[in-house]
Amino acid sequence: MRKKMVAGNWKMNTTFQEGETLAGAIVGKKGEAPGDVLLIVAPPFTHLSALAPPLKAAGVGVAAQNCAAEAQGAYTGEVSARMLASIGVQYCIIGHSERREYYGETNAVLLKKVRQALDVGLHPIFCIGEVLAEREAGRHFDVVRTQLEDAILPLSPADFERIIIAYEPVWAIGTGKTATAGQAQEIHAYIRNVLAAKFGALAHDTVLLYGGSCKPSNAGELFAQPDVDGGLIGGASLVADDFIAIANAF
Ligand code: PGA
């Protein structure tokens, strides 16, 4: 049985104090969410070491939003996967479209990041998805297949088992436009098939999250799709009530 998962990506939002308040509100309301839905939050780096213990004690998973492509050394400003693991972080978002677009992260770099995360025991939440022009040209299937071929299919089966995939159409991120449930299911089924062609039955257990303007009002329809196992939530994850309501949408 695949896990149900709702992960909140706080992006570059909240001061430390605001983050503490938000994490406290999520912990306080966690009991209102179904017990079989794994909640994960991804606060900024500066918040992680203080917020990881109370979140984990409440059964909320802790993710970073990025990690370095190298293990250690003279890489000013970078944060290694090992540093993250050493403070109790369990998951790491890798390849978010904002990292790809604004920081020039290529699939080759992202494969290195995935390997760094796996080497220290983190679960990568690997993001894929097409931009609007690619969707309009009917190229979305090819785009996600290439992203998987370059950064996920090279993994060993044992490593692949620890990967979570987030499909996020870039045109839906922060725009208020959501993929329809039919569009999400169509491409999630395609993604699972691409994974199954390499990893066989393991792909049936891979958690495939949908991301892009997912909110309480549309999460139910999206999560009802057979290949949509939950969501990666940006804006709506900054409001504890909305984040919990999304978990209740299953
Ligand atoms: P959004 O962001 O929910 O604000 O559209 C989703 C994401 O970027 O993960």
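Tutor: A residue is called buried when its relative accessible area is under 20%, exposed when over 50%, and partly exposed in between (1.4 Å probe, protein chains only). Helices (H or I, at least four residues) and strands (E, at least two) are DSSP runs, numbered from the N terminus. This is a predicted model, in which local features need pLDDT of at least 70 and side-chain atom pairs count only at pLDDT 80 or more, while totals for chains, interfaces and linings use all residues. Residues are numbered from 1 along each chain as its sequence is written, and side-chain values use heavy atoms, with hydrogens and water left out.

The part in view is helix H9, which covers residues 181-199 and has 19 residues. From its first C-alpha to its last, H9 reaches 26 Å, close to the expected 27 Å; the expected span is 1.5 Å times one less than the number of residues. The buried residues of H9 are Ala181, Ala184, Gln185, Ile187, His188, Tyr190, Ile191, Arg192, Val194, Leu195 and Phe199. Just after the helix, Gly200 takes a positive phi of about 60°.

A nonpolar core is a set of buried Ala, Val, Leu, Ile, Met, Phe, Trp, Tyr and Cys residues joined through side-chain atoms within 4.5 Å. The largest such core has 66 residues, and Ile165, Ile191 and Leu195 have the most contacts inside it. H9 gives the most to this core, with seven residues. Ile191 touches Ile128, Val144, Leu148, Ile165, Tyr167 and Leu208, leaving aside residues up to four places away in sequence; contact here means heavy atoms within 4.5 Å. Apart from this core lies another, of 14 residues, among them Met5, Tyr91, Ile125 and Val207. In soluble globular proteins, nonpolar side chains tend to be buried together.

For comparison, helix H2 (residues 45-57) has 13 residues and reaches 19 Å from first C-alpha to last, close to the expected 18 Å. A kink of about 55° lies at Leu51 in H2, shortly before Pro53; the bend at a residue is the angle between axes fitted to the seven residues ending there and the seven starting there. His47, Leu48, Leu51, Ala52 and Leu55 are buried in H2, and the buried residues of this helix pack against helix H1 (16-29), strand E2 (37-42), strand E3 (61-64) and helix H3 (81-86). After H2 comes Gly59, with a positive phi near 85°.
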